[in-house]
Number of protein chains: 2
Amino acid sequence: MSQLLEQLIDAFRVLPGVGQKSAQRMAYHVLERERGGGQRLADTLASAIERIGHCERCRDFSETPVCPVCASASRDAHQLCAVESPADRLAIEQATGYRGLYFVLQGRLSPLDGIGPRELGLDRLAARLAEGEVQELIIATNPTVEGEATAHYLAQLARQHRVRPSRLAHGVPLGGELEYVDRGTLSHAFGSRTEVQS
Amino acid sequence: MSQLLEQLIDAFRVLPGVGQKSAQRMAYHVLERERGGGQRLADTLASAIERIGHCERCRDFSETPVCPVCASASRDAHQLCAVESPADRLAIEQATGYRGLYFVLQGRLSPLDGIGPRELGLDRLAARLAEGEVQELIIATNPTVEGEATAHYLAQLARQHRVRPSRLAHGVPLGGELEYVDRGTLSHAFGSRTEVQS
């Protein structure tokens, strides 16, 4: 096999969830049927790596030092919402009418993978909370074990700076059927039932 | 979201089996944790697209007009083995002691996807068989419906040029347990049983 082809297959393995077999399939597919798209991928990837950095304020990906949302004067600086990834931030932005600011952790606490408070930029978050402008820290990490641990840590951090921490409500998803909801969620929703207002 | 980031996510979708979600995950992963690897991928991909073409003889990927295997004087030009992909060729090369030449279809007949004899370079294969040097065409397409249809077509082509077609043996895999072999394979292996030589 051509050495360059081997290098290409190897290079594809840097992508998440891509092993030897998928990398091979990707290399063959691009070379055989998608040279134009492959060239576009190579170009876009190179310029994205060169030009996309992190917003100084929220750590989200940004082509400018401060991202448009953080720079906007129309957002409410009293509320800060901590999310694990830019995708989570986008989901909240699209689904809710939230007008506050964000802080993107770019991960979750995971000591085994070497991801601690420093890797999540929590020193910067602490400095931001210490500024005194933020009144509520909305913790929107994922409801996984690591996400919960991260949420716990963030809540403590908020309290240290006299900022009110809050979490997204857990419970039965709208439109879901009880029969198919997992036991943990159902148990939690049952335990956290709220009184029906008349 | 940054426009360049959107373009990057879009560009990743050119890869096989990569939808919107995976593309997003790839873009975030590369930008957040693998900038070095991402840069290498961009560079290798660009130079592979520029430098890797097809071997004039066997249609495998090659950086030279004729690939090293086809150019080798030590291979037996009387045998030609037709495979669907470079990966199949590699598997045969590594597992068997085959010393003949190859013809890489880069696909299989699939009219619904617009892949016919011309896309598989069968005109070139026919010309090669017509040269008269090849005595046996070993058909090693995959045992799928489309692979079988391709095999049937190739066998006819071989007979037209008075070349002997042959197929890989089907049956129970070595080391497999009968209990777990699929019914089609078991039925075929039973029907094609061979006499035990004393």
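This is a predicted model: local features need pLDDT of at least 70, side-chain atom pairs count only at pLDDT 80 or more; totals for chains, interfaces and linings use all residues.
Visitor: Which residues have the most contacts inside the largest nonpolar core?

Guide: A nonpolar core is a set of buried residues of nonpolar kinds, joined through side-chain atoms within 4.5 Å. Here the largest one has 45 residues, and those with the most contacts inside it are Phe12(A), Leu15(A), Phe12(B) and Leu15(B). At least two residues of this core come from each of α1 (3-12), α2 (20-33) and α3 (35-51) of chain A, and likewise from each of α1 (3-12), α2 (20-33) and α3 (35-51) of chain B.

Visitor: With which residues is Phe12(A) in contact, leaving aside its neighbours within four places in sequence?

Guide: In its own chain, Phe12(A) touches Val18(A), Ala23(A), Met26(A), Ala27(A) and Val30(A), while in chain B it is in contact with Leu15(B), Leu41(B) and Leu45(B).

Visitor: Turning to a charged residue, how far from Arg59(B) is the nearest side chain of opposite charge?

Guide: To count as a salt bridge, a side-chain nitrogen of Lys or Arg must be within 4 Å of a carboxyl oxygen of Asp or Glu. Arg59(B), found in the loop between β1 (53-54) and β2 (61-62) of chain B, is buried yet has no salt bridge, and the nearest side chain of opposite charge, Glu32(A), is 4.5 Å away.

Visitor: Which backbone oxygen lies 2.8 Å from a polar atom of the side chain of Arg59(B)?

Guide: The backbone oxygen of Leu105(B) lies at that distance from the side chain of Arg59(B). Beyond its neighbours within four places in sequence, Arg59(B) has contacts that include Leu105(B), Gln106(B), Glu119(B) and Arg124(B).

Visitor: Is Gln106(B) buried or exposed?

Guide: Gln106(B) counts as buried because its relative accessibility is 5%, and its place is in the loop between β4 (100-104) and α6 (122-130) of chain B. Although it is not a glycine, Gln106(B) has a positive phi of about 55°. In chain A, Gln106(A) has a positive phi of about 60°, again without being a glycine, and with 5% relative accessibility Gln106(A) counts as buried.

Note on methods
Residues are numbered from 1 along each chain as its sequence is written. Chains are lettered from A and ligands numbered from 1 in the order in which they are written. Side-chain values use heavy atoms; hydrogens and water are left out. Helices (H or I, at least four residues) and strands (E, at least two) are DSSP runs, numbered from the N terminus. Buried means under 20% relative accessible area, exposed over 50%, partly exposed in between (1.4 Å probe, protein chains only). Lys and Arg count as positive and Asp and Glu as negative; His and the chain ends are not counted. A polar contact is a pair of N or O atoms within 3.5 Å; within protein, one must be able to donate a hydrogen and the other to accept it, and residues adjacent in sequence count only if both atoms are side-chain atoms. Contact means heavy atoms within 4.5 Å.
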